[in-house]
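The exercises below ask how the elements of one chain are packed and paired. Try each task with the structure open before reading its solution.

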Amino acid sequence: MIEICEVGPRDGLQNECKLIPTAQKVELIHRLIDAGIRNIEAVSFVNPKVVPQMADAEEVLSQLPKDLGVRYGGLVLSRSGLERALKTDVEFLHVVTTTSDSFNLKNVKRTVNDSVTELTPVIKEGIQSDRKIVGVLGTAFGCPFEGEVQLAHVLQVAEKFLEAGCSELTLADTTGMANPAQVQNVVNAFFSTFGPDLTLGLHFHNTRGLGLANTLAGYQAGVKKFDSSIAGLGGCPFAPKAVGNVCTEDMVNMFHGMKIETNANLEKLVETSKWMEEVMGRSLDGMLIKAGIA
Ligand code: ZN
């Protein structure tokens, strides 16, 4: 059994240039729920001047259906993000730092150590306010500015997040640099360092075409939780280096073909992707939208 965390409404849309109205974001989430998705990273609590697509985070959350057994999450990079999140009823928070100083300085203007220092009380306060906190380690498989990110360093940051109280960790391949052998190696190191009971998720981008291969490598190394994005959303046509997440319906198709359950309805996911293409006004990256279900 695989647990999917659908990140299309956040990571996907955030990397699309076209601004999507609140009502269509809410409709997207309705459609995902109807297709069986139960974990949805719905919004990001970041500076709306930097990320205009996420400016309506509170509005989106207030319009989502409740009591359907669906967990909604939001992304937090700083204390100000936490303060906004705690004014909403969002259930889980993805608290993110990258693990490369160069990337982190460009992204949030702080070193990794400074991010960890700021985020430690953020994690603790989130837990005190009854939110589930997932620590997300970006650039865990490589940094576009520094190249290799030392595994020992990624493990150190992970240890600090776990000490602060994170109940789960997600390793993110922010710019799509991972390969399957590396994924296996990193996942093995995490389970041997923190024990087999660690809840570990993986977040891949398909930047270099290895998204599903990396997903499979992670699964074979024991991971059961994967982030993905409907239709592979997230490739802004005006920013050629921005490529979307692993495509949700392509991933579900792979797992179902392997007789591994996901609880998702593949037909409804593909319908949602086709609807999403109409919303975005262009063809999207997923393969199943084009090929159809076999
Ligand atoms: Zn991402």
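**Exercise 1. State how helices α6 and α7 are oriented to each other, and list what lies between them.**

Solution. The angle in question is about 25°, and the axes of α6 and α7 (residues 151–164) are 8 Å apart. Axes are lines fitted to C-alpha atoms, for helices over the stretch in contact, and angles run from 0 to 180 degrees between N-to-C directions. Helices (H or I, at least four residues) and strands (E, at least two) are DSSP runs, numbered from the N terminus.

Before going further, note that this is a predicted model, in which local features need pLDDT of at least 70, side-chain atom pairs count only at pLDDT 80 or more, and totals for chains, interfaces and linings use all residues. Residues are numbered from 1 along each chain as its sequence is written, and side-chain values use heavy atoms, with hydrogens and water left out.

Next, the handedness: α6 and α7 cross in a right-handed way. A crossing is right-handed if the near helix is turned clockwise from the far one by less than a right angle, and left-handed if anticlockwise.

Last, the residues. On the α6 side the contact (heavy atoms within 4.5 Å) includes Val112, Val116, Leu119 and Ile123; on the α7 side it includes His153, Val157 and Phe161. By class the contact has 8 nonpolar, 3 polar and 2 charged residues. Here Ala, Val, Leu, Ile, Met, Phe, Trp, Tyr, Cys and Pro count as nonpolar, Asp, Glu, Lys and Arg as charged, and the others, Gly among them, as polar.

**Exercise 2. Are α10 and α11 roughly parallel or roughly antiparallel?**

Solution. The axes of α10 (residues 248–257) and α11 (residues 266–280) come within 9 Å and cross at roughly 160°. These helices are therefore roughly antiparallel. The crossing is left-handed. Thr248, Glu249, Val252 and Asn253 of α10 meet Leu266, Leu269, Val270 and Ser273 of α11. The classes are 4 nonpolar, 3 polar and 1 charged.

**Exercise 3. Trace the strand order and find the partners of Glu6.**

Solution. Eight strands form a closed barrel in the order β1-β2-β3-β4-β5-β6-β7-β8, with parallel pairing (two strands pair if DSSP finds at least two bridges between them). From one strand to the next the twist averages 25°.

Now take β1 (residues 3–6). It is joined to β8 (residues 225–228) by 4 bridges and to β2 (residues 39–44) by 2 bridges. Glu6 has Ser228 as its bridge partner in β8 and stands opposite Ile40 in β2. On the other pairing of β8, strand β7 (residues 200–204) contributes 3 bridges, with Gly201 opposite Lys225.

**Exercise 4. Which protein atoms are donors of the zinc ion?**

Solution. The donors are Asp11 (OD), His203 (NE2) and His205 (NE2), at 1.9 to 2.1 Å from the ion. Donors are N, O and S atoms within 2.8 Å of the metal (3.2 Å for Na, K and Ca); water is not among the atoms, so sites may look incomplete. Along the chain the spacing reads D-x191-H-x1-H. Asp11 lies in α1 (residues 8–14) and His205 in the loop between β7 and α9 (211–220), so this pair ties together parts 194 residues apart in sequence.

Technical notes: Angles under 35 degrees count as roughly parallel, over 145 as roughly antiparallel, 65 to 115 as roughly perpendicular and the rest as oblique.
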